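Please look over the sequence and the fold shown here before reading on. The report that follows takes up a few places in turn.

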Amino acid sequence: MKYICRSIILLLAIMAVGNKSYSQDDFSVIENAYLGQKPPGLIPQLFAPKLIKTEHREAEAAFSPDLKEFYFRRRGGKNKNNTLVVMQYKNNQWVESVVPPRAGEPFVSLDGNTLYLGKKYRERTHSGWSKVKSLGMPFDDLRIMRLTVSSKGTYYFDEASETPIRYSRLIDGKYEQPKTMNIEFGKWNAHPFIAPDESYLIWDDQRESGQGGADLYISFRQKGGLWGKAINLGEKINTEFAEAYGSVSPDGKYFFFHRGYGGDKGDIYWVDAQIIASLRPKL
């Protein structure tokens, strides 16, 4: 009798832990995360070539925090202009669809409830994304291409010019006037990605010392809040082609970026995010 009671208690405990930690849907998502692709190592690989790659241009990877949505932009062929595309995990499969009407450069907030599109955004509702809204002042008059957001709500963004990357903090419910980051930027600086804890910034830059038309760089925040020197991500990432639109997956495991071959030709690559950690200066 004691053995039976202990067995029942153990079984109930296992069921309770299982119900608390996982669901059948969670197991499906874990197995099929990242569009069901085999994870890369420290050598960049094409991301999901059989699902999203065309002979045209794919760029700007952005996952939702639950990894059930993958946003990117496609241009070329029937898509004469940049078109925002999403892959969604539905009924145990990944389904592609277009997100109209605005095809701004996508970034999903850390809580998954806001889709940023440059100086515009959309909010998640029960029926999908809301209509496109404006960030308001002081951003309306800026030519923002990509805007990413830290866990504190701080905006980091570029402009369609040779202006350095800037940031704007949320103070007492309002965003301050943008400030220039104290990093030695190159000639053209674009498409910033800020780490959730603001410990590093990744962007693409054009420099004479670079390896191609554009290279990806990283700067780590130092003690006291200052930013370290711009570090080229190296020859495994940067080539004679144009590398841009760097971002890290919500779970911090993988680094995504675009490699452009000119015109409407380009692909999305991914690599183990350890390649970023290896560049962090040792204290």
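Proline 250 touches Phe63, Ser64, Pro65 and Leu67 when residues up to four places away in sequence are not counted, a contact being heavy atoms within 4.5 Å. The model is a predicted one, in which local features need pLDDT of at least 70 and side-chain atom pairs count only at pLDDT 80 or more, whereas totals for chains, interfaces and linings use all residues. Residues are numbered from 1 along each chain as its sequence is written, and side-chain values use heavy atoms, with hydrogens and water left out.

Proline 250 and serine 64 are 186 residues apart in sequence, but their C-alpha atoms are 7.3 Å apart in space. Proline 250 is found in the loop between strand E21 (242–248) and strand E22 (254–262); strands (E, at least two residues) and helices (H or I, at least four) are DSSP runs, numbered from the N terminus. With a relative accessible area of 41%, proline 250 is partly exposed, a class that lies between buried, under 20%, and exposed, over 50%, as found with a 1.4 Å probe on protein chains only.

Proline 250 also belongs to the lining of the largest pocket, where Phe107, Phe193, Val248, Ser249 and Pro250 lie nearest the centre among 21 lining residues. A pocket is defined on a 1 Å grid over the protein atoms alone, as an open set of points where a 1.4 Å probe fits, with protein on both sides within 12 Å along at least five of seven lines, and a lining residue has an atom within 4 Å of a point. The volume of the largest pocket is about 280 Å³, taken as the space filled by probe spheres set on the points, which are joined across faces, edges and corners. Strand E2 (57–63), strand E6 (106–108), strand E17 (188–194) and E21 each supply at least two residues of this lining.

Strand E21 also holds tyrosine 245, which has a positive phi of about 55° although it is not a glycine. Tyrosine 245 counts as buried, at 8% relative accessibility. Asparagine 92 likewise has a positive phi, near 65°, and lies in the loop between E4 and E5, where it is exposed with a relative accessible area of 55%. Most residues other than glycine have a negative phi, and most peptide bonds are trans. A cis peptide bond joins proline 100 and proline 101, with omega about -5°, and proline 101 lies in the loop between strand E5 (93–98) and E6. Another cis peptide bond joins methionine 137 and proline 138, with omega about 10°, and proline 138 has its place in the loop between E10 and E11.

Strand E11 is part of an open sheet of four strands in the order E11-E12-E13-E16, with antiparallel pairing, where two strands pair if DSSP finds at least two bridges between them. Strand E11 (147–149) and strand E16 (179–180) each have a single partner strand and stand at the edges, so one side of each is left without a neighbour in the sheet. Strand E13 (residues 166–168) and E16 run antiparallel and are joined by two bridges, and tyrosine 167 stands opposite lysine 179 in E16.

Side chains of opposite charge can pair when their charged atoms come close. The whole structure has 14 salt bridges, each a side-chain nitrogen of Lys or Arg within 4 Å of a carboxyl oxygen of Asp or Glu. The table gives some of them.

| Lysine 133 | Glutamate 123 | 2.6 Å |

Arginine 207 is partly exposed, with a relative accessible area of 22%, whereas aspartate 205 counts as buried at 0%.

Confidence in the model can be read from pLDDT, the predictor's confidence in each residue, from 0 to 100. The protein has a mean pLDDT of 89, and 89% of its residues reach 70 or more. Over residues 1–25 pLDDT stays under 50, and the model has four contacts beyond four places in sequence for them. Where pLDDT is low, the predicted coordinates should not be read in detail.
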